[in-house]
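Colleague: I have a few questions about this fold. Could you put the model up and take me through it?

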Amino acid sequence: MTARAASHVLLVAPHEYRTNTETAESNAFQRAVGVAEAEQLATEAILQHRALRDLLVENGVRITVARSLRETPDAPFCNNWFSTHPGPSGARLVLYPMLAPSRRVERRPDLVSMLKSSYAAVLDLSDREPHGVYLESTGSLCLDDEGRTAYAAISPRTDRNLTEEWAAAMGYRLAAFTATDAHGQPYYHTNVMMFIGHGLAGICLESIGERAAPGEMTRSEVEASLAAASLEVVPINRAQVLSFCGNCLPLTNDLGERLLVMSSAAYRGFDPGQRAWISRRTRILHTELSAFETLGGGSARCLLGELF
């Protein structure tokens, strides 16, 4: 396999879920709604999160669940403040600097302590926050572990210099690029326009230009890098990005079966040919996550923190 595929994930269940105004400026996927709709979506978020949890359990994925605090509305998007990495000398935990002050408190001492009990090696980058330097974990980084390549769409939440530092520390080659929506706005996270899993690379190539800033890749160079890693490219267009077709996560279950987790919006966003294409390599699991997509601008991949 050319991408990591965990069989154990962390979920953080919503509590008084609501939109986060601090993140809206850089996240064009968030949608402002009226008070009544926001209350309804907050209720639906609890049910949708439970359905995601149950879907994973029913399909043999091991889960650990924590509960959000009231002061952390985005806590269900738990993949942004930490990542874990297998390695020959033991697994490693990385902690990350977050752009929104309200999101920094998601790195709760109790959760960090729980993770550190399983990961003796820790790389802590969170001290960059006071300096205005941010890198939001596997939101910012899409990893090809076998090819040791980290793909990163540069944005306010993905600092170019820190991605280089991360790559050097973790032994990856950095493939940095700029990816923009139809209005020329950089995608806030790489994982809304790209996933790698089970030999597939779903990516919105049309969002990457053929001219690049120094040290960044052009569209053709990104495509060539994926081809060199023997990844089968599933093209995603900008409209499909808005349906969260890029926000998928490869997992394995207790039987070693390959799974690709996505929202029902993403499932509907892929055309039948693409779904058949993906299904040749992995089994698709999908569930409704509209409350998180509307209020938080994130979907399935954002809700799952891999534990290796």
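Colleague: Which residue in strand 10 is the bridge partner of Gly197?

Modeller: Bear in mind that this is a predicted model. Gly197 belongs to strand 9, residues 194-197. Strand 9 pairs with strand 10, residues 200-203, in the antiparallel sense. The bridge partner of Gly197 in strand 10 is Leu200.

Colleague: How many bridges join strand 9 and strand 10?

Modeller: Strands of a sheet pair through backbone hydrogen bonds, either parallel or antiparallel. Here strand 9 and strand 10 pair in the antiparallel sense. The number of bridges between strand 9 and strand 10 is four.

Colleague: Which residue in the turn of that hairpin has a positive phi?

Modeller: Strand 9 and strand 10 form the hairpin, with two residues between them. The positive phi is about 55°. The turn residue that has this phi is His198.

Colleague: Which residues of strand 9 point the other way from Met194 and Ile196?

Modeller: In a regular strand the side chains alternate between the two faces of the sheet. In strand 9, Met194 and Ile196 point one way. All four residues, on either side, are buried. Pointing the other way are Phe195 and Gly197.

Colleague: Which strands are the edge strands of the open sheet?

Modeller: Three strands form the open sheet, in the order 9-10-11, with mixed pairing. An edge strand here pairs on one side only. The edge strands are strand 9 and strand 11 (232-235).

Colleague: What is the average twist from one strand to the next in that sheet?

Modeller: The sheet runs in the order 9-10-11. From one strand to the next, its twist averages 15°.

Colleague: At what angle does helix 6 run to strand 10?

Modeller: Helix 6 covers residues 219-228. Helix 6 lies across strand 9, strand 10 and strand 11. Its angle to strand 10 is about 165°.

Colleague: Why do the buried residues of helix 3 line one face of the helix?

Modeller: Helix 3 spans residues 109-116, and its buried residues are Leu111, Val112 and Leu115. Seen down the helix 3 axis, these buried residues line one face because they fall within an arc of 100°.

Colleague: Which helix gives the most to the lining of the largest pocket?

Modeller: The largest pocket holds about 220 Å³ of space. Helix 7 (238-242) and helix 10 (290-295) each supply at least two lining residues. With three residues, the one that gives the most is helix 7.

Methods: Residues are numbered from 1 along each chain as its sequence is written. This is a predicted model: local features need pLDDT of at least 70, side-chain atom pairs count only at pLDDT 80 or more; totals for chains, interfaces and linings use all residues. Side-chain values use heavy atoms; hydrogens and water are left out. Buried means under 20% relative accessible area, exposed over 50%, partly exposed in between (1.4 Å probe, protein chains only). The arc is that of the directions from the helix axis to the C-beta atoms. Two strands pair if DSSP finds at least two bridges between them. Axes are lines fitted to C-alpha atoms, for helices over the stretch in contact, and angles run from 0 to 180 degrees between N-to-C directions. Contact means heavy atoms within 4.5 Å. On a 1 Å grid over the protein atoms alone, a cavity is a set of points where a 1.4 Å probe fits but cannot get out, and a pocket is an open set with protein on both sides within 12 Å along at least five of seven lines; lining residues have an atom within 4 Å of a point. Grid points are joined across faces, edges and corners, and a volume is the space filled by probe spheres set on the points.
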